[in-house]
Structures are given as structure tokens and as C-alpha cells.
Amino acid sequence: MARTKIVEVPMALEIPVGPQHPALHEPLLIKLYVEGEVVTKVEVNTGYNHRGIEKLCERNNFYRNIFLCGRVCGICNTVHANCYVRAVEAILDVDPPPRAKYLRVLAMELERVHSHMLINAVMAEVLGYDTLFMTIMRDREAVMKAKEIVTGARVLADYMMVGGVRRDIDEVKKDRLLKLLDKIEERVRYYRKVFEDDPTIFKRLVDVGRLSPADIVSHSLVGPVARGSDVGTDVRFEDPHEAYPEIPVMKLIKRDEGDSWARMMVRWDEALVSIEASRYVLQHLPQGNAVPDERKLPRRFPPGEAFTRAEAPRGELTYYVLSDGKPTPYRVKIRTPSFNNIINGAFAFVGACIADVPAILVSFDPCISCMERVVVVDPETGSKRKLSLRELATRGVSR
Amino acid sequence: MAELPEKLGLLKKYAKKVYEIKVSRIVAEVEVGDIPRIVEELIKSLGKESLYLTTLVATDLPEQGIIRLDYFLSVLPEKKVVVLRAAVPREDPRAPSLLNILPGVFSAECEVYDLMGVVFEGNPHLRRGFFVPVEVAEKGIHPLKKDVKV
Amino acid sequence: MVHSFLREVLRNLIRRPATIEYPKKETPVEPDFRGRHYPDLTKCIGCSLCALECPSNVITMKPIPKELADAAPPANRRRIYPSIRYFGCIFCYRCVTVCPVRAYVVSNEYRLASDKPLFSDELSLSTLRRRKGVGAQ
């Protein structure tokens, strides 16, 4: 039942941010109630991008779902596919060979680098710093080339398969990748220095959207948002999977300032750690066969359930797969990090100025397509026109 | 029967059964009405910065006549995920809301209400059309249920 | 520092632009980029696994035209061949990897923009024509 509009305090002005908005890359409606320049209430409206993936997953067999789940999000597609494949492997009790585990880590870490470069470039764009945005995007092309060498496509790498990966790398590719990684690392270090020293970025990002650790944990915010406020949670260390325990250069990055600047710096530091980890993986690849023969994979699935977690560039991603013995899964539940960060994180806007709202929103790393993937296969209903109001920021927030 | 780690020993008085699912997650089957009290006690004993709700999964099981709710709680100091498994009857799915204890359940409860139809009592922000397009919400159906064809 | 980023900007003014002037210059594509693929009908046995496993359901099985039917291998009892609708294809290459006789021919052809719907029929049937000795159409 729709809630009716409530009567506002007379001096409050309602400003919608979105759904079509140049600062957002995907449709999302944030209604801000402001008095003067300061935000007093926030409402977040979602539902523009529904694609019906969870219900679709119940119709496809387990292998087709790998490709479907990889298309939940364009930027974190290897991590989605990996989390789903690990859940299926847990149900089947299959352990991939070590070379495949290392190659999976390589693909995921390359994706983390390009995702963090993207969100930092978007942050620069949102602040008005277009030159920085363009130069970061130009250097990000090198990462896309590296992904193309490893997986066969620049963005949507259909790389994961039950029992391993879908293609292997040889010595020539390894040398090219190492050279590309050197180039990328030099540029990432330069951009990190820019973000540390530049006065524009300093003035716009420091002390904006400060969050305390208690707020973050009780509101279930995950990823770099949590690590920028001294909450040391990273699924790669909590849930050891793939080849992560064997890579000594992996470090948990966290900062204690808690503002937007800290969150962006966490992302740059993580990008540097990812580049080092990719280099380690390339130099220490175990021998063996990494590619399973897809024609010989099992068709019968035993009944069982599995809950796997992965660290997407945006935070903690969880998959729950329930199988009841049929070739199609009974239930697939995907909980993406943006789901928690955007919907539960609306309390961070209260008390900020209007100009700070894009800076805070982009520092949460919104991936709206990640956030909405439940039900409805109806092709005509792509977007909502009717909007109903909801009180969000009046929940008790400890400030 | 799996063993609960020491810090979560207080779950023993509420759990009817304790077992493990992949990948090494401990499941405790509890009554749905006890869940707010369990979470409150866990927060009191472990601290406010140690527990959050990772995922809330609702599975429609028409043969058993229930909707099964799984609360996946991530306990940060133990680095473990504990599952509280409860069931609500399919005809009248109601569950207590955890919004005042853990505000982070807001997104999960709204989604489960919109897609499965479980009413969380105490959550004033539940509404249809949160995720589901308006055309489907107007028909009054909850899309993720097994008997619904979309 | 403002002046250190200024140095970068000035350097960019002297460098050549990063834009690749497509179509005057080719974009550098890897040789194993997942591009246009089609089944080689001299190997295809008509098992329809590719059609069943396609995540986007763009492969349909069609009967081989009568004049070319004898060029197909005898294992292809039903005399059918897969036809890919490229406009719906997501190029995941599931069909390529699941084929029991490895009948798919892959390439890194990415220039698939067209104003009319593109299908793989002609490419596939030309493999049969070549075997029969008829010139490729």
C-alpha cells in the first residue's frame, strides 16, 4: 500500500537527484529535503533497473546460470561468476586445480584495478575535474587490454567454469602481461599521489560524509566504505578461498579518517596491492591443466545448499544456491554490496550540503545494476514512472 | 550435530538443531519469534561493532507449507558466518522486524516483503513497488513465490 | 600539487592523441578475442547441444537444404544444422566449448554492425558448398 505524502516543514525544499542525471551513471532517485543548503531528510527510490535475474536463474540449468550471473554487473562480472561457480563447486564437492585458482585470482584482481580506477575517475568527474577523469580513463585502457589478453574480452570476461577457467595463458602472454602491469603500476602510483596532494580534491573530499565504525557495522555497510572507517573486514581474509591464502603480498588496507577522502585512498591502495598480487600470480603460476573439458561436466546435481562470499571491488558479495536434485537450481539468492551500501547508507547524507551529496554518493561506489536484479521477466516494464514517498532518514541514527 | 564456537554458546538455549552447511557455516534452527532476542543478546555479549546481517534469504517451500527464512549473521571477531534458520507458515507469513536492533536489515526486509510477501512487524517502511515494477505490484502478487508465473 | 598536474596536462598537449581514428586505423584486437563464430557443417552431427546450452537462446536448428544434404557427415542423421542469430548472441562461446566434435570455427571478427539482422547460415552452408565443389556464393 502506498504511503501518502507527508506535510513538510514549510522552509524545506525538495530536490530530486535522478533518475536521469549527469552525475549518476545509472538511474536511481534520491530525494533530498533541504533547508537552505543543508540536507535534512533523504529518500532513496530504486526499481528502475529491474531485470528479474533470481527468478530467471530458476529456469536455466546450472551452467547457463554462470553466464547469467556474470551479467548482473558489468564491472564486477568475474567476481559474480566466481562466487556462483564456487557455490556450485561446493555442492558438487569439486576442487579446481591450483593453476586454475591462480588464474581466477589474476582475473579478479585485474578487475579490481580497473573498477577502482573507474570509480576514482568518476569521482574526479563529479567534482568537475574533467582532465583528471580523462587521463585516468586513458590509462585504464591498459588494464582492459590486460583483461583481453587473459580472458578474451575487455569487459564481460566469461572466464569462470565449474572445475577451472575457460582458457589458459602461455609464456608470450605472460611476458606481455608483466610489461603491461609495470606500466599500469607507474600510472596508478602517480594518480594516488595526485589524490593525496591536490588541493581541489582535498577541499571537496576531506571531512565530507564522515561515518563512525559503529554506524557502519550496524547498518551493514561493506567494502571500502567500511575499511575507510577503521572496520577491518575483507572477505579475502575472512573466508580464505581460491589462491588468496598463498599470496603473501595481500594486505588488508584500512584507514581511520572515515570520510570520503579516506574511502577513495583505500581504493587506490587496494589497486596497488592488486597489481602486486597479479605480478606474484604471474611469476608463480603452478604447472598443470587449468581448463576443464566442458563436455564432460556432470549433468546430475546432488541436493544441497551452499553459501559463498567474495570480495567484489565494491564490497562483500554473497551467493546462496539451493539445489534439490534437478538440473536447475531451486533458489539462487544474490546479495550485492551496492544493495547494502546505497539503500542503508542514505543516513550519511543528512547534515551535508547539497554539493557534497554527489561526492558522498560516488564514494559509496554505487553500482545500480548490481543492486536490482530480482524477479519479473516482463520486457515492457523497464522503468517506473510513478514514485511513492518513503521516510528513510528519520530512523534513529547515532550521531 | 556441529559444535558452536564458545562465544556463540548462548545460541544453545534457543536452537532446536545445529548443523553445518557448505562452506563451513554453522546453522542453528530457531523459532522465528526468538530471533530479535537472540540478536540482542549476541550484540550485548560481542559488542556493537562485531555483528551485522550479511544476507536474509527467503525460500518458498510449498511442499512443506512454509517460507524458510535464513538470517546470515557475520560475526567479525570470529570471522565466521552464523545462520539462524526459521520458518513462517505460507498462508500467514509474519515475522518480527529487527529494524530497531540492527538498522542494516532495512534493505533486506523491504526486499523480502516485496518479493516473497513476508510481513515484518515493526518495520514501518515496508511497501510494494520497492523493487518490483508497479504493474506487477498492482496485481498483488509476490513474484518470487513458486506458484507465480511472470 | 597544482603545478605537478599542470606538468601532466602540458605533456598531454605534446603527446599524440590517445584516440584511435577508426575506421581509418584498425583497433588492435587480440587474435583470440571472442568474435564471430560459425559451425563447420562438414563436422557437425546435429546433436543440438549448442542450441540447448546457449544462455541467450539464439541458436535454432534448421534443416539442411536438399541439394547440400549429402555433403554433411553421415552421423548427422536428422540433417539439421545450427543457425546463430548474431544480434542476440553474447559471444560467451558456450556453444564452441560444449560441441562434442569441435565443429565451431572461431575468429576475432568484431565488426558486426549492420542494418539487417545477421545470421550464420551463409557462412555455415558455404562449408558444405566448398566440399561439394560448388563455388562459394
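This is a short tour of a predicted complex, chain by chain, with something to select at each stop.

**Before you start**

The model is predicted, so local features need pLDDT of at least 70, side-chain atom pairs count only at pLDDT 80 or more, and totals for chains, interfaces and linings use all residues. Residues are numbered from 1 along each chain as its sequence is written, while chains are lettered from A and ligands numbered from 1 in the order in which they are written.

Color by pLDDT, the predictor's confidence in each residue, from 0 to 100. The complex as a whole gets an ipTM of 0.90 and a pTM of 0.88 from the predictor.

**Stop 1: chain A by confidence**

Select chain A. Its mean pLDDT is 81, and 83% of its residues reach 70 or more. Now pick helix H11 (residues 260-283) of chain A, which has the highest mean pLDDT among the elements of the chain, 93. Helix H14 (residues 368-371) of chain A has the lowest, 61. Helices here are DSSP runs (H or I, at least four residues), as are strands (E, at least two), numbered from the N terminus.

Move on to residues 373-399 of chain A. The pLDDT over this stretch is below 50. It still has 67 contacts in the model beyond near neighbours in sequence. Two residues are in contact if their C-beta atoms, placed from the backbone, lie within 7 Å.

**Stop 2: where chain A meets chain C**

Show chains A and C together. The contact takes 19 residues from each of chain A and chain C. On the chain A side, select helix H2 (62-70), helix H5 (130-151) and helix H6 (171-197); each supplies at least two residues. H5(A) gives the largest share, five residues.

Color that side by residue type. It divides into seven nonpolar, three polar and nine charged residues. Nonpolar means Ala, Val, Leu, Ile, Met, Phe, Trp, Tyr, Cys and Pro; charged means Asp, Glu, Lys and Arg; the others, Gly among them, count as polar.

**Stop 3: helix H4 of chain C**

Stay on chain C. Its mean pLDDT is 87, and 95% of its residues reach 70 or more. Select helix H4 (residues 121-132) of chain C. Its buried residues are C:Ser124, C:Leu125, C:Thr127 and C:Leu128. Buried means that 20 or more other C-beta atoms lie within 10 Å of the residue's own, with C-beta atoms placed from the backbone.

Look down the axis of H4(C). The buried residues fall within an arc of 140 degrees, so they line one face of the helix. The arc is that of the directions from the helix axis to the C-beta atoms. Then step to C:Gly133, which follows H4(C) and has a positive phi, near 95 degrees.

**Stop 4: chain B**

Select chain B. It has three helices and seven strands. The order along the sequence is β-β-α-β-β-β-β-α-β-α. The C-alpha trace spans about 50 × 30 × 25 Å along its principal axes. Of its 150 residues, 45% count as buried.

Zoom to helix H1 (residues 35-46) of chain B. Which residues of H1(B) are buried? They are B:Ile35, B:Ile38 and B:Leu42. They cover an arc of only 60 degrees around the axis, which puts them on the same side of H1(B). Their cover includes strands E3 (51-61), E4 (66-75), E5 (80-89) and E6 (94-96) of chain B. Finish at B:Gly47, which follows H1(B); its phi is positive, near 105 degrees.

Terms used: A residue is buried if 20 or more other C-beta atoms lie within 10 Å of its own, exposed if 12 or fewer, and partly exposed in between; C-beta atoms are placed from the backbone.
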